[in-house]
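Please look over the sequence and the structure below before reading on. The paragraphs that follow lead through selected local features.

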Amino acid sequence: MHSVNFNTWNKITNSSGIFSEEIQKEKFQKIMDNLEYLSKQNISEKIFIKSVIIRGVNDSEKELKSFLEFCKKMNFHPKFLQFDPQYPSQKNLQVKRAELFNNLKNIGVTFEKNVPFHNDPNTYIP
């Protein structure tokens, strides 16, 4: 789930504009309805919602906060994944771990002491 904001989600999932906004809104609403359904099934503590963070798209404090608030409301576990550029031109879209964690700290997120803040690609982001 790249974003819980329709406009941001649409920007990521329909970057070439192939689908109409109406179709995209239907797809987005279906996803949101399904997530709400899962939340009500008494299994939400087992559900992890992952978001790939992309610079200038869904990395703002507002986007991060909305995502975390949604996960809290639904009782889901949030997971943030680092964007993995496929082409050199995409390297500027990557948000490194330390930067992401600083942004999360700025919105009030606290971390356990054992959370690694370095950018070692072999270390899992909890």
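**Loops and a buried glutamine**

Asn42 is found in the loop between α2 and β1 (48–53), where helices (H or I, at least four residues) and strands (E, at least two) are DSSP runs numbered from the N terminus. This is a predicted model, in which local features need pLDDT of at least 70, side-chain atom pairs count only at pLDDT 80 or more, and totals for chains, interfaces and linings use all residues. Residues are numbered from 1 along each chain as its sequence is written, and side-chain values use heavy atoms, with hydrogens and water left out.

Asn42 has a phi near 65°, a positive value in a residue other than glycine, and is exposed, with a relative accessible area of 66%; exposed means over 50% relative accessible area, buried under 20% and partly exposed in between (1.4 Å probe, protein chains only). Most residues other than glycine have a negative phi. Asn75, in the loop between α3 and β2 (77–82), also has a positive phi near 65°, but is partly exposed at 45%.

Gln24, by contrast, belongs to helix α2 (residues 21–39) and counts as buried because its relative accessibility is 0%. Its side chain makes a polar contact with the side chain of Thr13 at 2.9 Å, a polar contact being a pair of N or O atoms within 3.5 Å, of which, within protein, one must be able to donate a hydrogen and the other to accept it, while residues adjacent in sequence count only if both atoms are side-chain atoms.

Helix α1 (residues 6–13) has Phe6, Thr8, Trp9, Asn10 and Ile12 as its buried residues, and what covers them includes α2 and α3 (61–74), contact meaning heavy atoms within 4.5 Å.
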